[in-house]
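Open the model in your viewer and keep the selection panel at hand.

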Amino acid sequence: MARFVVRRLISMVAVLVAISILTFVIFQVIPNGDPALRLAGRTATPENIASVRHAWGFDKPIYVQYLRTMRNIFDGSVISYTQEVNVEDQIRGDLPATLSLSIGAGVIWLFFGIVFGVISAIKAGRFTDRALTVLSMIGVSFPVFFLGALLSYYVGYKWGVLPQGNYVPLTQDPVGWLTHLIMPWAALSVLFIGIYARVLRNNFLDTMNEDFVRTARAKGLSERQVIIRHVLRNSLVPIISLWGLDFAAVIGGGAILTESVFNLQGVGQYAANSIQQLDVPPVLVITMFGAFFVVLLSAAVDMVYAFLNPRVRLSG
Amino acid sequence: MAVEPGVPAGTRLPGAFEAVPLAPEERHIAGIGPYRLALRRLRRNRVALAFGALFLLIVGLCLLAPIYSHDIAHIGPNVGEPNATVHVGGHTRQVLNANGVPIGPTWHSRFFFGADNEGRDVAVRLLYGGRNSLQIGLVAALLTIALATIVGLVAGYFRGIVDGVLSRAMDVIWSYPAVLLGVALGTSLALGGLDLGLFQVSGSSLGIPTAIIGIVYVPYVAKPLRGQVLGLREREFVDAARAQGYGSLRILVSEILPNVASTIIVFVPLIVANAILLEAALSYLGAGVRPPNPSWGTMIADGIHELPGAIHETLVPGIMLVLTVLGINVFGDGVRDALDPRATVRIER
């Protein structure tokens, strides 16, 4: 087990390094305008530009620039090109919105995914199951930003039931926080509820055919106990690991669309704005931050699996 | 219960979309191929066929875009006529009213689905935009499938260092936040285009979003394929081929590929649906199809920026996109059930 953990951690670090190099290269190799020109401003003389270029190290070889940027990331002293503010301070300011959105939505989609999946499986083949299947199919076919825009227009603007986007900090106004987040949560969760309900339904039906379920019935457990203690517990394992991966992906950039539709001012929206301005440092930091979550949680999921199932350790 | 290879009796559940009992006379037919069997099961799945037909209908309509534009609406996709007037219900109305709010659906040959804020015909743009969205989705999906098949087969068959390098590369793409990667590449490429010496890609080319989307989903297909190949290469028929003196390439193509073909087929609709959705997302964030060229994603984005104004600008392309993806998803589900009633394949974003 220890060997497996070490090997997994090494490959995790390697992937992160590769991602940081890739992001850096994407913005360096591809022609996207000289950052020194933008930093020096519109009325800069060639001397100004040259001095900016020297001061920021843009005249150094690319690997020196890369190492310098990485060192700054770990120091927490990365400065953005366009507004010349500390990137990590900015991210720290945007993080509460992103975390509120993704944690809330994560809980909601897990809960409803399980509830609908179980109902669908228990009623397999009947009307309820078919209706839920149709609903989940429609749910997975909706682009998040389209659903978000519809909610915001009808619920927020036309009917005026809920406020239309923006983020209110939890510490400032808990009720406002909740009402502002209900629509973003709903928009982000629908897709995952659809997927989870279908995956759980299939797992559940597969588990129902296992021998241990027949044994549980044979020893006289009530149907309720069989379902909850044996079938549900076993069919939930893959759902939980899926949840780990999806949740990481949402924190690490997956919420970018929801954030921009509802103007939540989160990390994803910051990334989107920085990309529009070809501001490399924030994009680099946010990408690393997102990839870190994905890599960390997928390693955690792998380790939990290896712990539960010794066969995985040998093939990893 | 009819006998099927690999499915133990009694494992079928009364799922409405799954259990497709074979007719009694089919029990006596010997040696029917698995694909014939799957096709037969698919043909019985009316729901899947109906949604597949819906998808084909949308594709067909989008292909007719030039005819609609030229002969019915008499306006090009990127032509705005903000001062034009249309006759609706006996009244003559401006395409854009005094406040610049575009007219809604007229249900007439001109501005059937209304106009956008620049006085362009939404229906014409919808069809032309569909051509772009569908073309990007389909080509990107083919690219994904081709790359993933090569990576999966090679990594699984050769193992060792080749597998190590390819699998790590897949890990990198897989861990990279997909939308961020797409937006980052799309924006920086769109600004300057790409000059690769032999050929140049201009910033407004559809090739850029296609290539990005084609790469993003490769690991989702390559990883499971690699796993299957790892198992297949130890099987007797591969040993037999090797003993006959077949080379690696021939074993891969004629022995291993046919055995993973059904997995690949199951992935095709999933990837197409997700590629179309990702194209819309990238265009929404301004990194996909470049304006003034339409795509469903850019049209939705244009509409959202006009809110709260004329909701039809958002609704029309959005509903079209949902219908298209829904058609592919339901049909794809039917294909999966037909090929392997017990398989569970999924993809996430």
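Helices here are DSSP runs (H or I, at least four residues), numbered from the N terminus. This is a predicted model, in which local features need pLDDT of at least 70 and side-chain atom pairs count only at pLDDT 80 or more, while totals for chains, interfaces and linings use all residues. Residues are numbered from 1 along each chain as its sequence is written, chains are lettered from A and ligands numbered from 1 in the order in which they are written, and side-chain values use heavy atoms, leaving out hydrogens and water.

Select α1 and α4 (62-75) of chain A: each supplies at least two residues of a nonpolar patch. The largest contribution, 4 residues, is from α1(A). Now pick out Val13(A), Val17(A), Ile21(A), Val25(A), Ile62(A), Tyr63(A) and Leu67(A), which make up this surface patch. Together they have about 630 Å² of accessible area (Shrake-Rupley method, 1.4 Å probe; only the protein chains shown count as cover). Patch residues have over 30% relative accessible area and no salt bridge, and nonpolar side chains (Val, Leu, Ile, Met, Phe, Trp, Tyr) are joined within 5 Å.

Next, show chains A and B in contact (heavy atoms within 4.5 Å): 60 residues of chain A and 56 residues of chain B take part. On the chain A side, Ser141(A), Phe145(A) and Phe146(A) lose the most area to chain B.

Finish at Arg198(A) and Asp333(B), which form a salt bridge with the closest N and O atoms 2.4 Å apart (a side-chain nitrogen of Lys or Arg within 4 Å of a carboxyl oxygen of Asp or Glu). The count between the two chains is 1 salt bridge.

Technical notes: Buried area is the accessible area (1.4 Å probe) that two parts lose on being put together, summed over both. Patches are made of residues with over 30% relative accessible area and no salt bridge: like charges are joined within 9 Å, nonpolar side chains (Val, Leu, Ile, Met, Phe, Trp, Tyr) within 5 Å.
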